Amino acid sequence: MAFPTDTFTSADLAVMIPEIWGSKINDFFKCQLVMADFFVDRSDELVGGGDVLHTPNLTQMSANTKTNGAAVTLNSPTETSQDLTVSTWSEVSFAIEDREAAQVKQSYNLQERYAKNAGYTLGRTLEAAIAALFSGFSTSVGSSATAIADSNIRAAIATLETNCVPREELAFFMHPNVFWNQVQALDKFSLAINSPVNDPTAKYPAAFLYGIPVFTSNLVPVVAGGYNNMLIAKDAIHWASLSLPVMTYGKGMIGAYNVRVQSSYIPDFLSTLTTADLCFGVVENRDNAGVIIKTIV
């Protein structure tokens, strides 16, 4: 006897087949924040108030020949300052009304997840402001029309050593495309025979070039069709953020980089409003402590 063909189908039973909202949420991928942690944070100096930080620049004095019986020659350079203005105020806010809060699956902890994401977005905003300063440095090597070469890397190091910048304070900041598609294409840095700590087919390459650490970020600016990567010292860029007060007692916190997150219940709208904010400033502090390494995109 042949098996009957008119069996139940999923369409027949659709009203009895549940659709399940799973326990997982696909949150967006977050890039590692590397710049604010590397460069000089001056936030502590603003705890007592203020919106501009002045950093005096000391000029090197000159040595003069002393002649017997003659007066010494005085140095009297006119000094300047680097001014860090802290006035950029950014916020990320969202509100969830009571009905929707009751309807959303409770295991998702949606309020907490959104709050963390808002804080990350502000940290990323600070990171982008720091990266935007890269293109303002006056010294560069390489070309936006060609891939990076070993000679470009050595020229950047030589430039900063000529400027007496301490080598232990240096780091490379490169776009991921440059590090993976250009630097790792150079045998000197990728082949195990040349660099014993590396084996490109077996493990993640050590992120050091000539002993100097390498950070990758997709915020490295694109200018004139090329990446403006950097070899740069910590003191080349300063940043600061204000210590904003938490006004919603018991429902607020201060996170990394002084990001403030607060939640308030608003009875008029039967809604919980959450706001993350950050007031910050960035400045190029030492122009001779950074070299742009231009590469093709």
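## A partly exposed tyrosine and its partner

Y210 is partly exposed, as its relative accessible area is 31%. The model described here is predicted. Y210 pairs with F189 in an edge-to-face arrangement, with the ring centres 5.6 Å apart and the planes at 85°. F189 belongs to helix α6 (residues 187–190), while Y210 sits in the loop between β7 (208–209) and β8 (212–216), so the pair ties together parts that are 21 residues apart in sequence.

## Other aromatic rings

A pair of aromatic rings is described by the distance of the centres and the angle of the planes. The count of such pairs comes to twelve. One of them joins F38 and F39: their ring centres lie 5.0 Å apart and their planes meet at 85°, and because an angle over 60 degrees counts as edge-to-face, this pair is edge-to-face. F38 and F39 are both buried. Together with F134, F173 and F215, they form one aromatic cluster.

A ring can also have a charge placed over it, as F28 shows: the charged end of K30 sits over this ring, 4.2 Å from its centre.

## Helix α3

Helix α3 covers residues 110–132, which is 23 residues. At 1.5 Å a residue the helix should span 33 Å, and its end C-alpha atoms are 33 Å apart, so the two values agree. Among the buried residues of α3 are A115, Y120, L122, L126 and I130. The buried residues of this helix pack against α1 (35–38), β4 (88–97), β11 (237–241), β13 (260–266) and β14.

E112 is also found in helix α3. E112 is partly exposed, with 44% relative accessible area. The C-alpha atoms of E112 and T274 are separated by 9.7 Å, although these residues are 162 residues apart along the chain.

## Strand β14 and S271

Strand β14 runs over residues 271–284 and includes S271. Is S271 buried or exposed? With a relative accessible area of 5%, S271 falls under the 20% limit and is therefore buried. Beyond its neighbours within four places in sequence, S271 is in contact with A95, I96, E97, D98, S264, Y265 and I266.

## Nonpolar cores

The largest nonpolar core has 56 residues, and the members that touch the most others are F39, F172, F173, L231 and I232. Helix α3 supplies the largest share of this core, eight residues. When neighbours within four places in sequence are left aside, the contacts of L231 include A156, I157, L160, F172, I212, V291 and I293.

A second core is separate and has nine residues, among them L46, L53, L84 and C279.

## Salt bridges

Side chains of opposite charge can pair when their charged atoms come close. How many salt bridges does a search of the whole structure find? The search finds nine. In one of these, D27 pairs with K30, and the closest N and O atoms are 3.1 Å apart. D27 is partly exposed at 31% relative accessible area, and K30 is partly exposed at 38%. K30 is the residue whose charged end sits over the ring of F28.

E45 and R42 form another salt bridge, with their closest N and O atoms 2.4 Å apart. E45 is partly exposed, with a relative accessible area of 46%, whereas R42 counts as buried at 11% relative accessibility. R286 and D235 also meet in a salt bridge, 2.5 Å from N to O. R286 lies in the loop between β14 and β15 (290–296) and D235 in the loop between β10 and β11, so this pair ties together parts that are 51 residues apart in sequence. R286 is partly exposed, at 43% relative accessible area. D150, R154 and K188 are linked in a network of salt bridges.

## Positive phi in two loops

C164 is not a glycine, yet it has a positive phi of about 65°. C164 lies in the loop between α4 (150–162) and β6 (170–174) and is exposed, with a relative accessible area of 68%.

A224, which is not a glycine either, has a positive phi of about 55°. A224 lies in the loop between β9 (222–223) and β10 (226–233), and its relative accessible area of 71% makes it exposed.

Key: Residues numbered from 1 in each chain as written. Predicted model: local features only at pLDDT ≥ 70, side-chain atom pairs only at ≥ 80, totals over all residues. Heavy atoms only, no water. Helix = DSSP H or I, 4+ residues; strand = E, 2+ residues; numbered from the N terminus. Buried < 20%, exposed > 50% of the residue type's maximum accessible area, 1.4 Å probe, protein only. Contact = heavy atoms within 4.5 Å. Phe/Tyr/Trp six-rings, centres within 6.5 Å; stacked < 30°, edge-to-face > 60°. Lys NZ or Arg CZ within 6 Å of the ring centre and 35° of its normal. Expected span 1.5 Å × (residues − 1). Core = buried A, V, L, I, M, F, W, Y, C linked by side-chain atoms within 4.5 Å. Salt bridge = Lys/Arg side-chain N within 4 Å of Asp/Glu carboxyl O.
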